[in-house]
Amino acid sequence: MGTILLVSSCGQVSGPTDAEISRESFIATYSDLRLATLASSDGDMGTATRDSILDANGVSADQLLAFATVHGPDAEYMREIWIAVGARMDGESLDSAATPDVASAQRDGTNR
């Protein structure tokens, strides 16, 4: 649910919208957006900050929403995503936060 709320607040931005982003791109972008929100005094990072983060990650708001829409029904996969997001926000490596099957997929270069 948090994904949909944050992504929905991203609004329309320019950039590619038809290509699905990778797991790692979603984790990095969502983490950066969440950290910026937490760092703001009023819980609103502002449009310029949001757009800068999306741009720096090469991701559009539509791509974040599409990722959440596609993968949202897979509760186990999304649980792994949120563990990785939390770990990234805490400065841990993704491999240390991932469950064994996700860590092996990362090493093999495969994504769900």
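**Helix packing and charged pairs**

Analyst: Asp-32 has a relative accessible area of 23%, and it is therefore partly exposed. The model discussed here is a predicted one.

User: With which residue does Asp-32 form a salt bridge?

Analyst: Side chains of opposite charge can pair when their charged atoms come close. For Asp-32, the closest N and O atoms of the pair are 2.7 Å apart, and a salt bridge requires a distance within 4 Å. The two residues are 56 positions apart in the chain, Asp-32 lying in helix α2 and its partner in helix α5 (residues 75-89). The partner of Asp-32 is Arg-88.

User: Is Arg-88 buried or exposed, or does it fall in between?

Analyst: Buried means under 20% relative accessible area, and exposed means over 50%. Arg-88 has a relative accessibility of 31%. Arg-88 is therefore classed as partly exposed.

User: How many salt bridges does the model contain?

Analyst: Besides the pair of Arg-88 and Asp-32, Asp-51 forms a salt bridge with Arg-50, with closest N and O atoms 2.9 Å apart. Glu-76 and Arg-79 also meet through their side chains, at 2.8 Å from N to O. The count of salt bridges is three.

User: In the pair of Asp-51 and Arg-50, which residue is buried?

Analyst: The cut-off for a buried residue is under 20% relative accessible area. Asp-51, at 30%, counts as partly exposed. The other residue has a relative accessibility of 11% and counts as buried; this is Arg-50.

User: What separation along helix α5 lies between Glu-76 and Arg-79?

Analyst: Glu-76 is partly exposed, with a relative accessible area of 38%, and Arg-79 is partly exposed with a value of 38%. The two lie three residues apart in helix α5, so their separation is about one helical turn.

User: Which residues of α3 meet α2?

Analyst: On the α2 side, the contact is made by Ala-28, Thr-29, Asp-32, Leu-33 and Ala-36. By class, the contact of α2 with α3 has five nonpolar, three polar and two charged residues. The residues on the α3 side are Thr-49, Arg-50, Ile-53, Leu-54 and Asn-57.

User: What classes of residue make up the contact of α2 with α5?

Analyst: Helix α2 passes α5 in a right-handed crossing. Among the residues that meet there are Phe-26, Ile-27 and Leu-35 in α2, and Ile-81, Trp-82 and Val-85 in α5. By class, the contact has 12 nonpolar, one polar and five charged residues.

User: Which residues does Val-85 contact, leaving aside its neighbours within four places in sequence?

Analyst: Val-85 lies in helix α5, and with a relative accessible area of 3% it is buried. The C-alpha atoms of Val-85 and Ser-31 are separated by 5.7 Å, although the residues are 54 apart along the chain. The contacts of Val-85 are Ile-27, Tyr-30 and Ser-31.

Methods. Residues numbered from 1 in each chain as written. Predicted model: local features only at pLDDT ≥ 70, side-chain atom pairs only at ≥ 80, totals over all residues. Heavy atoms only, no water. Contact = heavy atoms within 4.5 Å. Helix = DSSP H or I, 4+ residues; strand = E, 2+ residues; numbered from the N terminus. Nonpolar A, V, L, I, M, F, W, Y, C, P; charged D, E, K, R; others polar. Buried < 20%, exposed > 50% of the residue type's maximum accessible area, 1.4 Å probe, protein only. Left-handed = near helix turned anticlockwise from the far one by under 90°.
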